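Try each one yourself before reading the solution.

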Amino acid sequence: MYPITTAHYIALSAALLLIGTVGVLTRRNIVIILMSIELILNAVNINLVAFSQALHSLSGQVFAIFVITDAVAEAAVGLGILIALFRNKETVLADEVDLLKW
Amino acid sequence: MLTPELTQAISFYIFAAMVLAGGILTITRRNAVHSAMFLIVSLMGVAGLYLLQQAEFLFAVQIVLYIGGIMVLFLFVIMLVNLDQAAKEKQFSGQWAIALACVALVGAQVFWFLGKGGAPFKIAQPGILPAASALGNTEQLADVLFQEYLLPFEVASILLLVAVVGSVVMAKKRI
């Protein structure tokens with residue numbers, strides 16, 4: 001149980017990643033799918049910081065900063081797409097956007 | 001006795017419970033605003049874990065950027081987009097089977113690795129705290145970021161510029 005090791009952080013990060021994956025795969029609301037992607041990126045960050053701590057190298061924390069940058073860019077573009085989609089189709093449900101299906 | 005290890009373990013389990021409970025509630029709530037609130041709980045748990053691992057700069061970035069920036073963006077979009085209709089409809093698509101299969105596969109792999117892979121990677125040993133440096137975490141991080149990772153840093157700034165222009169173009173009424 002304790003002391004807390006890197007394996008604890010990896011297990012927590014894996015659990016958070018799987019929660020995010022279930023959210024992306026099962027929810028219909030696009031806003032909540034984007035939130036699940038944020039959960040997945042946070043799981044990645046927990047992993048990076050845990051290994052940075054274990055290996056005494058700050059590169060992991062620098063990569064966590066880059067992952068946060070990507071998360072910001074992804075959220076901004078994703079929410080912009082969502083607004084454009086709502087303006088054109090009046091829906092925020094992912095499976096009602098099926099223009100390319102036949 | 002409240003030794004430092006015990007304090008660290010108690011804090012870890014409190015923050016881990018925040019992270020996991022917040023995450024599960026985020027993906028199961030019907031109302032998107034409630035989901036956003038529970039996502040904030042989860043992100044604050046992650047921030048606490050950064051603090052527990054002496055990553056003070058990332059702790060501040062997590063609070064300011066994620067909870068202060070991204071979540072406000074989410075809440076603005078939730079208010080711009082009318083979600084009342086969506087809240088009345090079916091919340092889950094019928095993909096439970098494929099989702100559970102993916103989760104079982106990846107979860108089995110990860111936890112098998114954690115069970116077996118401890119020895120070669122030395123992940124099951126408590127980390128040794130680094131010797132106290134005269135520089136704080138932010139100064140050390142700035143040294144690494146602006147010396148070793150200068151080019152990726154500039155690329156990241158271009159990425160942000162493209163994202164800003166892209167999201168403005170997306171949200172404009174007429175292009």
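**Exercise 1.** Find the residue that follows helix 3 of chain A and look up its phi.

*Solution.* Helix 3 of chain A is followed by A:Glu90, and the phi there is positive, near 55°. Keep in mind that you're looking at a predicted model. Most residues other than glycine have a negative phi. A:Glu90 isn't a glycine, yet its phi is positive.

**Exercise 2.** Decide whether A:Glu90 is buried or exposed.

*Solution.* Start with its place: A:Glu90 sits in the segment after helix 3 of chain A. Next, count neighbours: there are 11 C-beta neighbours inside 10 Å. The cut-off for exposed is 12 or fewer. So A:Glu90 counts as exposed.

**Exercise 3.** Check whether the length of helix 3 of chain A agrees with its residue count.

*Solution.* Helix 3 of chain A has 31 residues.

**Exercise 4.** Locate A:His56, then work out its phi and whether it is buried or exposed.

*Solution.* First, the place: A:His56 is in the loop between helix 2 (30–55) and helix 3 (59–89) of chain A. Then the backbone: phi of A:His56 is near 55°, a positive value in a residue that isn't glycine. Last, the surroundings: A:His56 has 11 C-beta neighbours inside 10 Å, so it counts as exposed.

**Exercise 5.** Over in chain B, find the domains and how far apart their centres are.

*Solution.* Chain B splits into domain 1 (1–88) and domain 2 (134–175). Taken over C-alpha atoms, the centres of domain 1 and domain 2 of chain B are 23 Å apart.

Notes: Residues are numbered from 1 along each chain as its sequence is written. Chains are lettered from A and ligands numbered from 1 in the order in which they are written. This is a predicted model: local features need pLDDT of at least 70, side-chain atom pairs count only at pLDDT 80 or more; totals for chains, interfaces and linings use all residues. Helices (H or I, at least four residues) and strands (E, at least two) are DSSP runs, numbered from the N terminus. A residue is buried if 20 or more other C-beta atoms lie within 10 Å of its own, exposed if 12 or fewer, and partly exposed in between; C-beta atoms are placed from the backbone. The expected span of a helix is 1.5 Å times one less than its number of residues. Domain bounds come from an automatic or database domain assignment.
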